[in-house]
Every structure is written in structure tokens, then in C-alpha cells.
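Please put the structure up on the screen.

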Amino acid sequence: MARQNLSRRQFLTRSGLALGGVAVAPAILAACGGGSGGGGNGIAISNWTSYIGKKSNADFTAATGIDVAYTEDVNDNNEYFAKIQPNLQKGKSIGRDGFVLTDWMANRIINEVKWAQPLVAAKIPNKSNLRAALASPGFDPTRRYSLPWASGMAGIAYNTAQTKGEIRTLDEFFRAPGTKTVLSEMRDTIGLLMRADGKDITKPTYADAQPAFDRLERAVKDGQIAGFNGNEYVNDLATGNLSAAIAWSGDVAQIARDNPNIKFAIPESGGTLWSDNFMIPVSSDKPELASRWINYFYDPVNAAKLTAFIQYISPVDGVADELAKLGGDAAALVDDPLVNPSEEFLATLAIFGPLGPVEEQRFDERFAKIQGAG
């Protein structure tokens, strides 16, 4: 049975997990039904917990005169989709001018249900700062409807005190001693296994994925894999309850600074790269103001301040130079490949491509069956 997931950003709030997820959840429901939710010269934005600097929105308002009603009410992609679905499928407002969702859900929003409207290009001159590696995802190849807010990678995290050595391949991961887990996010776990098989995950098919599913199923039955989880693995790695896990880079970056035994590696066969993407819902009547909001965070100076707080990969070129100028802990991030990867490092990663409804159902059902939840 899969353990209950925490979002990547919920972990970062540590003692405030429940408050971040529950207290703001009704906000979107209360806002639904009118126009946009940000007032006459304001906008309303939904994002994940602890995914913005403490002063960022105030600084944006000071720079532009645009007020921001900012709500941390995205705790899970499917959960958020379920909240906005009743109104958007009826052509009603959700009281939001922008929201941030992960690649695969962005594909659903943009291409399947078509609930995203185009960004206003004239209001986003800083789009020219978008990193090349993120410029043309399969779900939005010209970035007409979306821009990445932040990115991370999936690879292998391990505790050298338990593994007694480095892990550089999926074979070494499966053979490593001790208790190991994989991510309950199907696209990352199966994506890594597909890459180890030499498959192109940018154009995934169920046929190509079957060997990966088979290998995972054998590993679970043989006891090589003890379970599936979200980022609960973080504490277990740090305390030695886990020897290794398929994991997310941003989580590992947090604990590796305090525990030198914790390492993160992209398998030699390659890792996965995901982004959380800003989009404007079709119900918003303030696309120009919303576009100016994302434009603000594509200025390298502002992007660096954001990166220093959230410590995920910025989608903006020039951030490293600005982090160095900030000094202190921010400057130290320049040398952290989990936060500031080189273009060569990014080239070892791939984005799991979009799945059609039928293929997605087949992937999800097989993965759920392996987890024991099917």
C-alpha cells in the first residue's frame, strides 16, 4: 500500500505542514463565481507551499503597482484539478489569474481540457531569459501557454553510512544493501527505469515502458524495494532508516548540507527533469497583469532572490551571477549542482513526455497494481 504523499514544498515548511495545506484550501472555493480574484488592479495567484520569497510579492507590487492576492493552496496536482474542475468545465471563474502545476498536469490543462489561455507575450520581455533546456517541452513547444516557475530532477539519493559506497547506476541501486524505496510519482520512478533501458521518455509509450514496469514489479516482490513514498524518504535517509531512494533533488539538497553521508546522483543512464509551470486560466480577465507577474520573476535579479529562498533550479539564465552578488548562503548555491546545474549536467536529464488519456490510464493502472493499490 502506498504511503500518503507529501508535496515537495510541504516538506520545506516542516512544522507548518498541516496549516499550509488545510487553512487555505477553502479560499479557491470561496473565490469561485465572480471575475478574477485580485480586485481592480490586482491579481490572484495559486502556488505550492513555501515556493516564493517572503518579500517577493511586496517587491512586485512596489515595482509595478499591481496588488497580488497570493494563496498557497496547491498541495497536489490532482487535488487542485478537482477543485477547479467544477467551475472551469462550466465556463465559470475560479477566482484566480494564475496557478502553478507540474509538467504532466500542465499538459492536461493546456492540451486536453484546454483551460489555459495564452500568456501575453508583449508583457513578458524577460521570456528571452528562459533556459534553453526548458524552452520546448512536448506539452507546450513554444511556451505559448506556460513558463516554468522552478525545476528539479529525480535521481538516486543514498546514505553512504548504509550503502558503504557510491551509487551511480540503477543496477547498483537495486543491489545496494539496506532498505530502499522509490517515488510514488510514477513519471519519475518509471522514467528513470525506462532511461536505464535506453528508452526515449520524451515520447513515452506503454510498450516501451513494460520492461521498466516488469523490473519494478520483480524488485518489489523480491524485497529489493521496500515501498513507495513521496518525500517522507527525507527523514528516513537522514536517520539511516533508508539506505537509498529514488528521490527529488531539492529535498536532498536540504539534508545533504547537514549530513555529509547523504549523496545524490543522476544515474549514468540519465535522470528526469520536471518543472512546475505558471499558467493563466481561461476564466481570468487579467492576462496582461498576470503576464507581468511572471515576467517579474524572469528578471535574473528577482529570480536569484527567489532561488535563494526555495533552492530549486531556476529556469532563468543569469541567476548564478546574481546569486554570487548576493553573497553568503545565496552565493554558496552557485557551486551546488542540485540548484545551479551546468548545461552539460542538464543535458543528462529528460522531461517525461505527455501521455494521451488511454495511455495515461494504462500507465497509472499498472503502477497502482505494483504498489498494491490496484
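Helix 4 (residues 56-64) and helix 13 (residues 287-296) cross in the right-handed sense, that is, with the near helix turned clockwise from the far one by less than a right angle. Their axes are 11 Å apart, at an angle of about 115°; axes are lines fitted to C-alpha atoms over the stretch in contact, and angles run from 0 to 180 degrees between N-to-C directions. Helices (H or I, at least four residues) and strands (E, at least two) are DSSP runs, numbered from the N terminus.

This is a predicted model: local features need pLDDT of at least 70, side-chain atom pairs count only at pLDDT 80 or more, and totals for chains, interfaces and linings use all residues. Residues are numbered from 1 along each chain as its sequence is written, and side-chain values use heavy atoms, leaving out hydrogens and water.

Which residues of helix 13 meet helix 4? They are Arg 292, Trp 293 and Tyr 296, where contact means heavy atoms within 4.5 Å.

Now the strand. In strand 10 (residues 271-281), 11 of 11 residues are buried, meaning under 20% relative accessible area with a 1.4 Å probe, protein chains only. Both faces are covered, with Leu 273 among the buried residues on one side and Trp 274 among those on the other.

Strand 10 pairs antiparallel with strand 5 (residues 147-159) over 7 bridges; pairing takes at least two bridges found by DSSP. Pro 148 stands opposite Asn 277 there. Strand 3 (residues 98-102) is also antiparallel to strand 10, with 4 bridges, and Val 100 has Phe 278 as its bridge partner. Strand 11 (residues 349-350) runs parallel to strand 10, joined by 2 bridges.

Key
Buried < 20%, exposed > 50% of the residue type's maximum accessible area, 1.4 Å probe, protein only.
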